[in-house]
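Good morning, and thank you for coming. Please look at the sequence and the model first.

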Amino acid sequence: MIFGKKDHLVGLDIGSSFIKVAELKISGNKYALHKFGMTRIAPGTIVEGRVIDMETLANDIRALFKSQKIREKNVAISTGGHSVVIKTINTSTRPDKELHTTIYSEAEQYIPYDIDDVNIDFQVLGESDFSPDQMSVLLVAVKKDLVAEYIDLIHLAGLNPKIIDVDTFALQNAYEILPYENREKITLLVDVGASKTSLNIIKANSSLMMRDTVSGTNQFLEEIASQFEITLDEAEQAVNGEVNDIISQDRLEEISLKIAQAWCSEICEVVNTYQSSANDEKVEKIVLSGGGVFIKGFKDCLLSELEADVSIINPFEALIVNEKKFPDSFITKAGPLAPIAIGLALRRVDDK
Ligand SMILES: Nc1ncnc2c1ncn2[C@@H]1O[C@H](COP(=O)(O)OP(=O)(O)OP(=O)(O)O)[C@@H](O)[C@H]1O
Ligand SMILES: [Mg+2]
């Protein structure tokens, strides 16, 4: 048994271009990386966070578990995109037992879906900044049909979905175990995936502001495909250096910089919005994750436009890693893609 009590979960991050899986074990007072693997999925299998090709995806998940020799069946997964709504709301302070009813009755105005179509969860963040009679509450609503879809998928893959988290929270979870400095610094976590970007400004392990956008590395491939009149597959091969004769490195770099600049502007806008709403309290640190970190010029653009430290996450730094099993070259490549799976693998069966 991996943990003293058998309550650990395998973290499964089902992205729209890569599925990642992570399993941890406790070693002394630290976590050790037990299993980690990734596999690419075919374009169109997941679109806007919805599972389009259930059978293929379930087979991909099965194959990934098999190739990594993962026997544990209990998994934690996460969702994101349009069907997940996260808002910080203010409501009048009241006793815990009344809170549930109040939040449910107030939630409707904040959620763009019929209230009967969503699962709602909330967390009290503390006294509101605006009034001592009010409290600030983090409201999370996830469409029930989305949850049902992912539960069906996991069952079809022969696994048990024990926790369904939200991508952004799983990333924050992985970030918070890193042996990093000052938690009081206002930090922006940015995950640029293939089809979406999530932004989360945190301080002292609490979220201050969240935003989702549709930016992602697919834009980069689409831009290349359109400019050179080639397919997306060919564009990807060109980016990965598998074929060198389609596009020159100079042109690739030019397109990268253009995309990086667009992402950077979007992020600056969110940072500025936050800073002006928070009496000019500055975002001091930016931590990047997701495949977007590989786009040339992205990190440098942020460094030049914002007065903040910018770094790329390496969630393996928080873990004991056996170099024979996971060589440095693998860790460097996988690090930015791994945090959500690791954040999920940190969850326990009985977690809320
Ligand atoms: N070494 C690399 N060089 C260039 N691009 C890369 C590299 N590794 C990954 N990518 C890009 O990053 C993408 C995968 O990023 P990521 O795993 O964060 O996306 P995802 O989680 O599947 O997507 P989403 O979260 O948007 O659903 C790939 O589709 C590819 O375009
Ligand atoms: Mg992702």
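Let me begin with a pair of strands. Strand β2 (residues 18-27) is joined to β3 by ten bridges, and the two run antiparallel. Helices (H or I, at least four residues) and strands (E, at least two) are DSSP runs, numbered from the N terminus, and two strands pair if DSSP finds at least two bridges between them. Opposite Phe-18 stands Arg-40 in β3. A hairpin is formed by β2 and β3, with two residues between them, and Gly-28 in the turn has a positive phi of about 65°.

Before I go on, a word on conventions. This is a predicted model, in which local features need pLDDT of at least 70 and side-chain atom pairs count only at pLDDT 80 or more, while totals for chains, interfaces and linings use all residues. Residues are numbered from 1 along each chain as its sequence is written, chains are lettered from A and ligands numbered from 1 in the order in which they are written, and side-chain values use heavy atoms, with hydrogens and water left out.

Let us now widen the view to the sheet around that hairpin. In which order do the six strands of this open sheet lie? The order is β10-β6-β1-β2-β3-β16, and the pairing is mixed. β10 (160-166) and β16 stand at the edges with a single partner strand each, so one side of each has no neighbour in the sheet. Helix α4 (residues 167-176) packs on this sheet, where α4 touches β6 (74-79) and β10; the direction of α4 makes about 90° with that of β10. Contact here means heavy atoms within 4.5 Å. Axes are lines fitted to C-alpha atoms, for helices over the stretch in contact, and angles run from 0 to 180 degrees between N-to-C directions.

Within the sheet, strand β1 (residues 10-14) pairs with β2 in the antiparallel sense over four bridges, and Asp-13 stands opposite Lys-20 in β2. By contrast, β3 and strand β16 (residues 319-320) run parallel, joined by two bridges. The bridge partner of Tyr-31 in β16 is Leu-319.

Is Lys-35 buried or exposed? Lys-35 counts as buried because its relative accessibility is 16%; buried means under 20% relative accessible area, exposed over 50%, and partly exposed in between (1.4 Å probe, protein chains only). Leaving aside residues up to four places away in sequence, Lys-35 touches Val-21, Ala-22, Glu-23, Gln-68, Lys-69, Ile-70 and Phe-326. Lys-35 and Phe-326 are 291 residues apart in sequence, yet 9.2 Å apart in space, C-alpha to C-alpha.

Phe-326 leads us to the aromatic rings. Phe-36, Phe-316, Phe-326 and Phe-330 form one aromatic cluster. Rings of Phe, Tyr and Trp (its six-membered ring) pair if their centres lie within 6.5 Å; planes under 30 degrees apart count as stacked, over 60 as edge-to-face and the rest as tilted. The count by this rule is four aromatic pairs. Among them, Phe-36 and Phe-330 are edge-to-face, at 6.1 Å centre to centre with 65° between the planes. This pair links distant parts of the chain, for Phe-36 is in strand β3 (residues 30-40) and Phe-330 in helix α9 (residues 328-334), 294 residues apart. With 2% relative accessibility, Phe-36 counts as buried, whereas Phe-330, at 28%, counts as partly exposed.

The rings of Trp-263 and Phe-298 have centres 5.2 Å apart and planes at 85°, so this pair is also edge-to-face. Here helix α7 (residues 249-277) supplies Trp-263 and helix α8 (residues 298-305) supplies Phe-298, 35 residues apart. Both Trp-263 and Phe-298 are buried.

I turn next to a second sheet. Three strands form an open, antiparallel sheet in the order β7-β9-β8. Its edge strands are β7 (84-92) and β8 (118-127), each pairing on one side only. The twist averages 25° from one strand to the next. Helix α2 (residues 96-107) packs on this sheet and touches β7, β8 and β9, with its direction at about 115° to that of β8.

Finally, the domains, whose bounds come from an automatic or database domain assignment. The assignment gives domain 1 (1-81 + 144-178 + 314-352), domain 2 (84-142) and domain 3 (180-312). The centres of domain 1 and domain 3, taken over C-alpha atoms, are separated by 23 Å. Between these two domains, 20 residues of domain 1 are in contact with 25 residues of domain 3.
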